[in-house]
Amino acid sequence: PESVRDLDWRDPRRILVTGHSKGGGEAVQCAGRLQYINGREITLTTFGCPRATDRKAARWLHEHIPHRRIVHCADVVTRHPRIGAKLQWSIPPSIKLQCCYRHFGSLIYYDVNGRRYEQPPGIFTWADRLKARWRHLGKFGTAGIEHHSMPTYLELVKST
């Protein structure tokens, strides 16, 4: 179909939207638009997706679309963009919702040893990411990017 409106909405099957990296961010936006336009059953799966929406939209999306976020511990892309994260104190409350990006959905997290965790606590992922940084200390600038590749994600998913 050339546009969202060209889809055959009478088809009862659900729609699976997926993407990796920037495509994951675009998949979030696409799934939200599809859900908002028609309310059809949408399932979203992203790999190494950056933060793609604000707090208000993330809350709405979380209520309406099941989303599995697959994240590798050393992938730096999943922690960006950070706009507003350090300067929130200087941003007026009316603007905060529009500038501070958020994730939503259920987290499937692969640790530094390749083990899979579903919805691990934040303190666990924080500590594990520190371990990953320590392991890659000598690889300036490349460690977080090499773990962001789709082949790395496919390898992790196949192994579990």
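This is a predicted model: local features need pLDDT of at least 70, side-chain atom pairs count only at pLDDT 80 or more; totals for chains, interfaces and linings use all residues.
**The whole chain**

Six helices and seven strands make up its secondary structure.

Next, display the side chains and colour the residues by accessibility. The chain has 160 residues, of which 40% count as buried. Among contacts with a separation of 6 or more, 67% are between residues 24 or more positions apart.

**Arg-40**

Select Arg-40, in the loop that links helix H1 (22-38) to strand E2 (42-47). Is Arg-40 buried or exposed? Arg-40 counts as buried because its relative accessibility is 12%, and the cut-off for buried is under 20%. The separation is 6.8 Å, although Arg-40 and Arg-14 lie 26 residues apart along the chain.

**Arg-129**

Move on to helix H4 (residues 122-135) and select Arg-129 within it. Which residues does Arg-129 touch, leaving aside those up to four places away in sequence? They are Val-71, Cys-73, Thr-78, Arg-79 and Tyr-109.

Finally, show Asp-128 together with Arg-129. Arg-129 is buried yet has no salt bridge. Asp-128 has the nearest side chain of opposite charge, at 6.7 Å from Arg-129, whereas a salt bridge requires a side-chain nitrogen and a carboxyl oxygen within 4 Å.

How values were computed. Residues are numbered from 1 along each chain as its sequence is written. Side-chain values use heavy atoms; hydrogens and water are left out. Helices (H or I, at least four residues) and strands (E, at least two) are DSSP runs, numbered from the N terminus. Buried means under 20% relative accessible area, exposed over 50%, partly exposed in between (1.4 Å probe, protein chains only). Contact means heavy atoms within 4.5 Å. Lys and Arg count as positive and Asp and Glu as negative; His and the chain ends are not counted.
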